[in-house]
Amino acid sequence: MARMKFVCDAERCIECNGCVTACKNENEVPWGVNRRRVVTLNDGVAGEKSISVACMHCSDAPCMAVCPVNCFYRTEEGVVLHDKDICIGCGYCSYACPFGAPQFPSSGTFGVRGKMDKCTFCAGGPEVNGSQAEFEKYGRNRLAEGKLPACAEMCSTKALLAGDGDVVADIFRNRVVQRGKGAEVWGWGTAYGSRQAGQPPAGAKS
Amino acid sequence: MMRLVLTISAAMLLAACGDKLQTSAGVKSDTSAFQGAQNSFVAPGWTPGDKTSWEQGLKARLQNTQNEYSKTK
């Protein structure tokens with residue numbers, strides 16, 4: 001299996017915030033913390049584009065590189081997770097992340113001693129899969145339940161895709177071919193390397 | 001008096017013996033997702049512990065839930 005990846009199709013996102021709501025509900029994320037959020041570019045201007053943003057689980061994750069206590073690890077599927085028992089809440093990852101993914105809640109079970117919280121690709125953390133301890137610290141472990149991230153599965157327009165990188169790329173490629181435009185995948189070049197950045201197919205009207 | 005001084009000295013000297021080690025143990029090991037979750041929300045159609053089954057299940061789910069072109073054809 002290829003690694004897990006997110007793709008947000010800016011041609012389809014309608015800024016409904018269904019992904020944000022699904023994430024907060026599924027993981028019981030506390031007030032003040034948004035693991036995922038929708039950003040609108042050129043808001044109010046004709047042709048505005050919206051994109052759903054969260055941790056992209058980068059191939060060469062800057063957060064992992066700067067963490068002074070090495071609390072990050074990468075799963076076999078390429079999902080970047082962290083251990084809240086080791087995190088000291090220093091915030092270095094927040095400065096390093098190009099997507100603004102790390103969140104620092106100030107209260108509640110997620111925020112004891114200001115530990116970092118972020119999207120887990122619905123893969124939980126270093127606790128027993130599906131256990132109460134894992135849920136309270138990291139949220140649901142849908143991957144271990146044989147499911148995909150709630151944000152993508154709840155997306156009404158299927159703008160947000162999540163899962164096996166090869167399959168996700170195939171679905172997106174098919175769309176671009178069908179509509180003949182919108183091949184640019186926001187954030188892919190940053191997260192997965194410049195070769196992964198979407199390029200318009202030759203002769204396409206993008 | 002001497003006994004009191006000895007007791008206080010011993011208490012101060014041995015105080016550090018009760019401290020927890022401050023060295024990091026590293027990230028706790030995480031079980032692979034294909035091993036399945038210990039709750040009642042596991043999706044049917046795959047066998048927990050079988051990696052191939054888990055991968056095929058996720059791929060099928062991805063096609064069924066996120067690729068509407070496969071439904072419109």
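Author: Let's start with the buried residues of H2(B), which are Trp54(B), Leu58(B), Leu62(B) and Gln66(B). Looking down the helix axis, these residues fall within an arc of 75 degrees, so they line one face of H2(B). The general rule behind that is simple: an α-helix has 3.6 residues a turn, so residues three or four places apart point the same way.

As for the helix itself, H2(B) has 16 residues and spans 22 Å from its first C-alpha to its last, close to the 22 Å expected at 1.5 Å a residue. Keep in mind that this is a predicted model. Within chain B, H2 (residues 51-66) is where confidence is highest, at a mean pLDDT of 94, while helix H3 (residues 69-72) of chain B is where confidence is lowest, at 75. Chain B as a whole averages a pLDDT of 84, and 86% of its residues score at least 70. Where pLDDT is low, the predicted coordinates should not be read in detail.

So what covers the buried residues of H2(B)? The cover includes H5, E6 and H6 of chain A. Those names come back when you look at the contact between the chains: helix H5 (150-154), strand E6 (160-164) and helix H6 (165-179) are the elements giving two or more residues to the side of chain A that touches chain B. Altogether, 34 residues of chain A and 30 residues of chain B take part in the contact. On the chain A side, they split into 16 nonpolar, 9 polar and 9 charged. For the complex, the predictor gives an ipTM of 0.85 and a pTM of 0.84.

H2 of chain B also turns up in the largest nonpolar core. That core has 60 residues, and Cys151(A), Leu160(A) and Leu161(A) are the ones touching the most other members. The elements giving two or more residues to this core include H5, E6, H6 and H7 of chain A together with H2 of chain B. H6(A) gives the most, with 5 residues. Zooming in on Cys151(A), and skipping its neighbours within four places in sequence, you find contacts with Cys19(A), Ala22(A), Cys23(A), Arg36(A), Leu160(A) and Ala162(A).

A quick stop at H7 of chain A, residues 188-192: Trp188(A) is found in this helix. Trp188(A) counts as buried because 22 other C-beta atoms lie within 10 Å, where 20 or more is the cut-off.

Chain B has 3 helices and 0 strands, in the order α-α-α along the sequence. Of its 73 residues, 15% count as buried. In chain A there are 7 helices and 6 strands, running β-α-β-β-α-β-β-α-α-α-β-α-α from the N terminus on. Of the 206 residues of chain A, 46% count as buried. And of the contacts in chain A with a separation of 6 or more, 55% join residues 24 or more positions apart.

Note on methods:
Residues are numbered from 1 along each chain as its sequence is written. Chains are lettered from A and ligands numbered from 1 in the order in which they are written. This is a predicted model: local features need pLDDT of at least 70, side-chain atom pairs count only at pLDDT 80 or more; totals for chains, interfaces and linings use all residues. Two residues are in contact if their C-beta atoms, placed from the backbone, lie within 7 Å. Helices (H or I, at least four residues) and strands (E, at least two) are DSSP runs, numbered from the N terminus. Ala, Val, Leu, Ile, Met, Phe, Trp, Tyr, Cys and Pro count as nonpolar, Asp, Glu, Lys and Arg as charged, and the others, Gly among them, as polar. pLDDT is the predictor's confidence in each residue, from 0 to 100. A residue is buried if 20 or more other C-beta atoms lie within 10 Å of its own, exposed if 12 or fewer, and partly exposed in between; C-beta atoms are placed from the backbone. A nonpolar core is a set of buried Ala, Val, Leu, Ile, Met, Phe, Trp, Tyr and Cys residues joined through C-beta atoms within 7 Å. The expected span of a helix is 1.5 Å times one less than its number of residues. The arc is that of the directions from the helix axis to the C-beta atoms.
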